[in-house]
Amino acid sequence: MEQVTYNGLTFEPYIRREKIEARIKELARTITADCGGKRPLFLVVLNGAFPFASDLFRAVETDAEISFIRLKSYEGTSSTGTVKEVIGLNEDIQGRTVIVVEDIVDTGTTIHRLLNDLRAKNPAELKVATLLFKPESLRCDVKPDYVGFAIPPKFIIGFGLDLDGLARNLPDIYVLKEQAD
């Protein structure tokens with residue numbers, strides 16, 4: 001892995017693909033144990049969670065379904081503080097086990113609003129799986145059920161995470177160089 005540059009910002013390697021893959025397999029085993037026989041609905045928050053959700057969904061060893069929603073709260077390298085729902089949920093989740101799949105829980109604003117919206121639809125269980133979690137940045141009372149990696153409040157890209165739509169297809173996760181130490 002080498003440094004990469006997007007929009008004049010330099011990023012260096014942070015979490016390698018092999019480590020991501022191993023952690024996703026561990027999360028899948030836990031979800032399989034927790035949700036076996038429940039036929040959970042994986043509700044994937046696009047666009048960032050797509051790579052994580054794809055690997056996680058295929059690694060879970062129980063009958064499950066998958067659906068997608070799209071929310072937006074980021075512009076550039078910082079959260080806008082507002083959440084805009086772009087594409088909504090079409091499935092009836094009443095009485096279902098729902099696992100919301102996120103790429104990152106940062107301030108918690110996005111997932112907090114989403115969970116409140118979903119609770120109003122009466123699921124049997126509502127869980128959150130996130131590849132990355134920034135507990136130091138949390139501003140809302142949110143505790144993900146399945147966390148790939150807890151990380152400090154640094155700006156990262158790759159493996160679904162972007163900078164203005166770029167870098168999502170990087171197989172590894174990179175950190176902004178000035179924040180690497």
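Trainee: Why are Glu21 and Arg17 separated by about one helical turn?

Mentor: The two are 4 residues apart in helix 1 (residues 17-35). Helices here are DSSP runs of H or I with at least four residues, and strands are E runs of at least two, both numbered from the N terminus. This is a predicted model, where local features need pLDDT of at least 70 and side-chain atom pairs 80 or more, while totals for chains, interfaces and linings use all residues. Residues are numbered from 1 along each chain as its sequence is written, and side-chain values use heavy atoms, without hydrogens or water.

Trainee: What makes Glu21 and Arg17 a salt bridge?

Mentor: The closest N and O atoms are 2.8 Å apart. The cut-off is a side-chain nitrogen of Lys or Arg within 4 Å of a carboxyl oxygen of Asp or Glu, so the pair qualifies. The structure holds 11 salt bridges.

Trainee: Which parts does the Arg39 and Glu65 pair tie together?

Mentor: Start with the bridge: N and O come to 2.9 Å in this pair. Arg39 lies in the loop between helix 1 and strand 3, and Glu65 in strand 4 (residues 65-75), so the pair ties together parts 26 residues apart in sequence.

Trainee: Why does Arg39 count as partly exposed?

Mentor: Its relative accessibility is 41%. Buried means under 20% relative accessible area, exposed over 50%, and partly exposed in between (1.4 Å probe, protein chains only). Arg39 therefore falls in the middle class. Glu65, at 28%, is partly exposed too.

Trainee: How do you know that Asp162 and Arg168 form a salt bridge?

Mentor: Their N to O distance is 3.2 Å. That is within the limit, so the label holds. Asp162 is partly exposed at 22%, and Arg168 at 24%. Elsewhere, bridges that share partners join Arg17, Glu21, Asp55 and Arg58 into one network.

Trainee: What makes the buried residues of helix 3 line one face?

Mentor: In helix 3 (residues 109-119), Thr110, Ile111, Leu114, Leu115 and Leu118 are buried. Seen down the axis, these fall within an arc of 120 degrees, so they line one face of the helix. The arc is taken from the directions from helix axis to C-beta atoms.

Trainee: What makes the nonpolar surface patch, and how is it defined?

Mentor: Phe50, Ile66 and Phe68 make it, with about 250 Å². Patch members need over 30% relative accessible area and no salt bridge; like charges are joined within 9 Å, nonpolar side chains (Val, Leu, Ile, Met, Phe, Trp, Tyr) within 5 Å. Areas come from the Shrake-Rupley method with a 1.4 Å probe; for residues, only the protein chains shown count as cover.

Trainee: How many disulfides does the structure hold, and what is the cut-off?

Mentor: The count is 0. A disulfide needs a pair of cysteine sulfur atoms within 2.5 Å. Cys35 is buried at 0% relative accessibility, whereas Cys140 is partly exposed at 22%.
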